[in-house]
Amino acid sequence: MFPARSRGNKFAAMSLVDINRVTLTYKGASGGVLALQDTTLAVPQGDFAAVVGPSGCGKSSLMKLVTGLVPPDAGHISVFGDPVVGPVKIAGMAFQNPNLLPWRTVVENVLLPLEIVEPHRRRFRSEKAKYRERAETLLNTVGLHGFADRYPWELSGGMQQRVSLCRALIHQPALLMLDEPFAALDAFTREELWCVLRDLWQENRFTVILVTHDLREAVFLADKIHMMSARPGRIVLTRVIDLPRPRELDICFEPAFQNIVHELRIKIAEVRKA
Amino acid sequence: MTNSTLERLAPWLFTIALFVIWEAACRIFKIDPFVLPAPSEAFAAMYQYRWPLMRHSFVTLWTTMAGFTLAVVFGIVLGLMVGWSRTIYRGIYPVMIGFNSIPKVAIVPILVVWFGIGEIPAILTAFLISFFPIVVNVATGLATMEPELEDVLRALGARKLDIMLKVGIPRTQPYLFGSLKVAITLAFVGTVVSETIASNAGLGFVMVQAGSNFQMPLVFAGLLLLAVEGIAMYAVFAAVESHFTRWAFRSSMSAAA
């Protein structure tokens with residue numbers, strides 16, 4: 001359902017997201033807090049990137065910078081080769097809290113972005129049936145068949161998070177930004193949703209930036225892991241994960257997988273101490 | 001009797017018990033009806049003067065509703081403005097709190113000078129006393145919007161108006177309807193206050209007249225009717241609230257798991 005972006009187009013050689021020596025300071029009551037310092041990060045088109053790091057390292061700031069919600073104090077960010085000067089409009093976002101609207105049914109929640117993003121916004125009224133069908137198809141692929149007309153409160157936390165993922169993807173964004181989307185779920189539900197996300201990505205190959213605390217999650221899902229230092233955040237390590245795809249959950253118990261997690265864990269400990 | 005039927009009947013039993021104790025106290029201690037008439041006397045007066053009381057009750061009712069309607073319209077508009085912009089919020093808030101602190105009794109004489117004795121001061125007092133909770137609640141509904149949800153929409157290129165229409169205004173609904181319950185009882189108080197000071201109709205007027213004629217049972221009959229009207233209006237808006245914002249009772253506002 002996502003338009004295939006051909007490998008041979010003019011963006012092929014270029015990174016979809018390019019963050020170049022970016023610095024960000026939050027102005028607080030007691031002076032500025034340096035959230036990011038001299039951060040450089042590139043994510044090629046179609047890649048699955050994970051950003052890990054100790055808490056409070058400015059991972060969420062990175063999300064706001066890339067989507068253009070916050071301008072950097074110094075440095076340069078470009079998405080799709082264009083410098084980011086305002087909200088980028090090609091991004092879908094999901095957070096730890098599913099943030100569904102309780103007065104809308106599941107399918108109405110999923111359709112929300114289409115009521116805002118052009119060109120869907122213009123067509124939304126006249127082609128509502130078509131859009132609804134699209135939303136239902138997407139809901140089916142994440143295992144929510146038959147839940148379209150339920151309300152969010154009738155769903156479990158894991159199901160709400162699936163809806164939140166659908167909402168982030170319904171307008172077929174080129175870039176999916178995820179900020180600890182599975183952090184509030186129990187271990188089994190979380191692993192289930194890893195697979196849901198894996199399958200969605202495998203099928204549609206949008207570009208993903210996943211911010212997470214969970215090293216196993218990052219290793220299981222990502223092509224490349226970027227580790228950030230404690231505040232002020234910088235990228236201190238980029239690790240390519242070359243485990244074969246498609247990955248099954250069993251891979252988590254293989255030595256190659258566990259070695260990578262262990263290696264990253266040691267590095268995190270160093271970063272936290274520093 | 002099962003526990004649940006007892007629970008259902010509890011408000012009625014409690015009210016009846018209150019009247020029984022009141023009646024018994026009046027009889028046992030032989031309280032002078034001029035000081036405190038027994039409920040039986042109050043009800044007798046209510047029956048005796050049923051037509052004039054009905055007419056005056058209706059005046060109180062419609063002036064309250066008129067003032068309340070003004071308060072709802074004005075309260076929603078001002079609440080949306082205050083919730084929309086921090087500058088408007090900061091500018092208006094001190095004035096509003098100051099205004100809300102003024103006892104509205106003090107304003108009635110001014111209204112009488114401007115509009116004369118009658119229904120208009122009552123309507124305006126009802127309006128002035130009841131718009132504040134509506135403004136505060138509507139503004140709170142907008143101000144407590146989840147910042148992440150706003151980020152999701154802004155990242156899609158939503159304008160402020162989009163965010164207001166899609167999220168802000170729907171999510172203020174439970175706050176708005178909750179405030180209507182409070183506002184309607186306040187409006188009622190405002191009307192009666194104004195009627196007792198400067199009016200020639202309404203339950204407040206009846207009670208003042210009856211008091212100056214030493215008809216204490218009639219005063220208490222007026223008092224009881226005020227209470228009944230107040231309960232009825234509260235019940236109407238409590239029902240409206242639970243009808244329109246069922247989703248808010250079923251889910252926490254954040255919709256968190």
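**A valine and an interface**

Trainee: Where does A:V51 lie?
Mentor: A:V51 lies in strand 3 of chain A, residues 48-52 (strands are DSSP E runs of at least two residues, helices H or I runs of at least four, numbered from the N terminus). This is a predicted model: local features need pLDDT of at least 70, side-chain atom pairs count only at pLDDT 80 or more, and totals for chains, interfaces and linings use all residues. Residues are numbered from 1 along each chain as its sequence is written, and chains are lettered from A and ligands numbered from 1 in the order in which they are written.

Trainee: Is A:V51 buried or exposed?
Mentor: Buried, because 27 other C-beta atoms lie within 10 Å (20 or more counts as buried, 12 or fewer as exposed, in between as partly exposed, with C-beta atoms placed from the backbone).

Trainee: What is A:V51 in contact with, leaving aside neighbours within four places in sequence?
Mentor: A:K59, A:L62, A:I209, A:V211, A:H226 and A:M228. Contact needs C-beta atoms, placed from the backbone, within 7 Å.

Trainee: Switching to the interface, how many residues of chain B are in contact with chain A?
Mentor: 23, against 27 residues of chain A.

Trainee: And which helix of chain B gives the most to that side?
Mentor: Helix 7 of chain B, with seven residues.

Trainee: What about confidence, what is the mean pLDDT of chain B?
Mentor: 88, with 96% of its residues at 70 or more; pLDDT is the predictor's confidence in each residue, from 0 to 100. The model scores ipTM 0.76 and pTM 0.78.

Technical notes. Two residues are in contact if their C-beta atoms, placed from the backbone, lie within 7 Å.
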